[in-house]
Amino acid sequence: MNASAAPTIQVRGLTKRFGAVHAVRGIDFAVSAGEIFGLVGPDGAGKTTTMRMLAGVLRPDAGTLTIDGVDVARDPERAKLHLSYMPQRFGLYEDLTVGENVFFYAELFAVPRRERIARSAELLHAAGLEGFERRLAGQLSGGMKQKLGLVCALIHTPRVLLLDEPTTGVDPVSRRDFWAILYKLRESGVSIVMATAYMDEAERCSRLALFHAGEVRHCDTPARLKASMPGALLAVLAAQPRAAHRAIAASPGVLGALLMGDRVHVRVDDAARRTPQLEAALRTAGVADARIEPTPPGIEDVFVALLGASPA
Amino acid sequence: MSPRRLFAMVYKEALQILRDPRSLAIALVMPLMQMGLLGYGVSLDIKHVPICVYDQENSQLTRAIVSRFDAADWFSTVRTLHDQAGVRRAIDAGECIAAVVIPVDFSRTLAATGGATIQAVFDATDVNTSNIAQGYLQGVIAEVNAGIEARWFAAHGGQPSGIGQIDLQPGTWFNETLDSRNFIIPGVVAVILALIGAQLTSLTISREWERGTMEQLISTPVTALEVMLGKLIPYFAVGMIDAAVCLALAVFWFDVPFRGNLLTLFVATALFSLVVLGIGYLISVRIRSQLAASQIALLVTLLPTTLLSGYTFPIDQMPRVIQAITLVVYPRYYVTILRGIFLKASTLLDLWQPLLGMIVFAILIVWLASRAFHKRLD
């Protein structure tokens with residue numbers, strides 16, 4: 001990745017309104033070749049609208065949007081030659097077989113016959129869909145459908161790949177296949193933009209844009225975002241995490257307390273000073289088995305800390 | 001436009017048609033069903049019209065007249081009535097369409113003056129049937145008259161004058177057997193084609209929206225024109241197959257005479273298919289729900305085709321305002337052409353007016369359709 005090269009995707013002041021709803025409010029970001037750029041935020045934050053504008057299927061109201069130097073708003077058809085878009089909802093033909101879907105998308109992008117055969121074999125193998133060529137797409141499992149979507153999206157070797165929550169409802173094995181393909185693409189210099197609701201996936205992205213109410217509030221690498229989080233993070237492990245959460249949420253020095261499965265993530269202004277106070281508060285509340293230890297923040301912690309809202 | 005992308009669209013659409021039982025049923029079974037229903041069910045001929053007879057005189061002559069009614073295939077005598085109130089009751093009860101009353105002094109008047117009157121009362125709630133029945137009745141009376149006239153002259157010693165003996169021979173051209181089926185069936189083909197054509201394409205675009213395949217499709221370089229043609233071409237083939245099936249049924253099953261030439265028929269049918277498919281496509285682009293699109297397609301094709309195309313109701317019998325409206329009712333041109341080809345052996349040249357009308361429509365619809373679809377979500 002060459003930092004001095006012009007970014008593949010350049011977004012400036014991008015805005016979209018639907019009637020009274022201001023879905024995207026003047027966002028800026030840039031994505032370089034070989035980056036996996038993650039869009040993170042709750043539903044309704046503007047991720048899908050942004051994706052659709054990037055894909056050239058929705059016209060922005062204001063702002064500029066270029067992909068490989070092509071103005072997507074002005075000349076969407078030229079931009080579409082080199083991008084691939086996987087909508088949030090499965091967009092392939094369920095009454096066509098796996099092989100027919102791949103063939104159809106290869107033909108729409110005028111992939112030469114030989115290249116199509118070689119590339120579809122390679123992609124189907126990577127996606128674990130070998131031997132399913134004659135199966136109707138509608139009869140595939142959720143994970144297989146999404147992988148087929150990826151195969152169809154990649155059959156013409158795009159320079160930009162746009163994925164809107166591609167692994168939602170996908171089993172862990174399929175997700176692993178999916179990510180293996182994405183990493184390979186990144187190595188070959190494809191720019192990937194991906195909206196995701198999974199925080200573990202967000203961690204794997206090169207950079208993240210944190211969406212909130214139609215704005216990109218923060219945009220950086222996962223590591224730098226975590227470093228920018230104010231305060232220190234403690235994990236409270238208890239048999240009854242809900243009781244622990246209630247006991248400490250209002251303690252002095254607590255900036256935020258987030259229930260995460262079997263534990264509570266507590267962000268405090270000063271870990272050394274507040275740990276004994278928290279232990280005391282837990283004992284008073286009768287949560288006897290609680291254990292407090294420092295923990296590195298995840299993207300969810302960062303999101304909540306920076307934006308005061310949950311990312312999904 | 002890229003031939004390769006167009007072929008891909010056509011291929012994909014054809015596969016979907018073949019795998020969708022619903023569109024296959026619409027495409028293949030519906031025309032057969034409708035041809036049977038409309039071919040057998042719709043007939044403007046009436047046979048065995050129920051009539052009642054009140055013969056006040058009841059003489060040899062009047063009985064002979066009544067037996068003439070009986071003998072005619074058009075009527076079936078339901079009942080012989082015996083008073084005027086009975087006439088009223090029979091009509092009110094709907095037992096008969098017409099009641100014939102022969103006055104008590106019929107023979108006497110006839111003998112004295114050479115002319116007499118038979119009264120016929122019609123139930124005109126069904127205007128059409130009563131009109132036709134009236135025509136039939138007059139036909140029978142005319143026959144009777146001819147006989148009476150001849151006998152009257154014989155009885156009074158004079159010779160039947162040549163002037164009085166007008167030989168009434170109604171001239172009927174093109175549909176010599178006066179079988180309304182020959183007139184109806186070519187129109188049925190138009191109705192079926194309009195119905196099915198628009199139904200099929202009305203679902204194509206809305207289906208892509210409903211199933212969520214449109215968003216991905218419009219993110220590819222495929223053009224709006226390729227999408228339109230890719231959807232119209234396979235359905236055009238289906239429409240032409242349907243037309244061939246219906247026309248073959250008309251000729252070989254319903255024995256409608258076919259006198260024109262096949263090329264003219266092909267050109268007209270192709271133009272008509274294009275128009276109805278284009279209309280279905282336009283609806284599909286505008287209406288994103290499959291159900292709504294199919295309902296609207298039914299409305300804009302079936303109503304004008306059955307009511308205003310001249311298929312059942314002759315256009316020149318309509319009020320002038322409605323006649324003017326039929327000029328923009330596209331099926332009227334096709335119905336005119338079909339009848340011309342079937343019954344009159346009209347050539348392309350004879351039919352230049354309706355053909356021009358269809359060409360104008362085809363160009364207009366395809367032009368509108370090509371501009372209707374945009375590769376955008378908003």
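**A chat about chains A and B**

Author: Hi! One spot to start with is A:Ala110, which is partly exposed, as 14 other C-beta atoms lie within 10 Å. Keep in mind that this is a predicted model.

Reader: Okay! Where is A:Ala110 found?

Author: A:Ala110 sits in the loop between α3 and α4 (113–126) of chain A. Its phi is near 55 degrees, a positive value in a residue other than glycine.

Reader: And A:Thr157, what about its phi?

Author: A:Thr157 is not a glycine, yet it has a positive phi of about 50 degrees. You'll see A:Thr157 in the loop between α5 (142–154) and β7 (160–164) of chain A. A:Thr157 counts as partly exposed because it has 14 C-beta neighbours inside 10 Å.

Reader: Switching to the sheet: in what order do the four strands come?

Author: In chain A the order is β2-β1-β4-β5, forming an open sheet with antiparallel pairing. The edge strands, β2 (21–31) and β5 (70–71) of chain A, each pair on one side only.

Reader: How many bridges join β1 and β2 of chain A?

Author: Eight bridges, with β1 (residues 9–18) and β2 of chain A running antiparallel. A:Lys16 stands opposite A:Val24 of β2(A).

Reader: Which helix lies across β1, β2 and β4 of chain A?

Author: That's α1 (residues 47–54) of chain A, at about 120 degrees to β1(A).

Reader: Last one: how many residues does each chain give to the contact?

Author: Chain A gives 24 residues and chain B gives 22 residues. On the side of chain A that touches chain B, α3(A) gives the most, with four residues. That side of chain A has 14 nonpolar, two polar and eight charged residues.

Note on methods: Residues numbered from 1 in each chain as written. Chains lettered and ligands numbered in written order. Predicted model: local features only at pLDDT ≥ 70, side-chain atom pairs only at ≥ 80, totals over all residues. Contact = placed C-beta atoms within 7 Å. Helix = DSSP H or I, 4+ residues; strand = E, 2+ residues; numbered from the N terminus. Nonpolar A, V, L, I, M, F, W, Y, C, P; charged D, E, K, R; others polar. Pairing = 2+ DSSP bridges. Axes fitted to C-alpha atoms, helices over the stretch in contact; angles between N-to-C directions. Buried ≥ 20, exposed ≤ 12 C-beta atoms within 10 Å, placed from the backbone.
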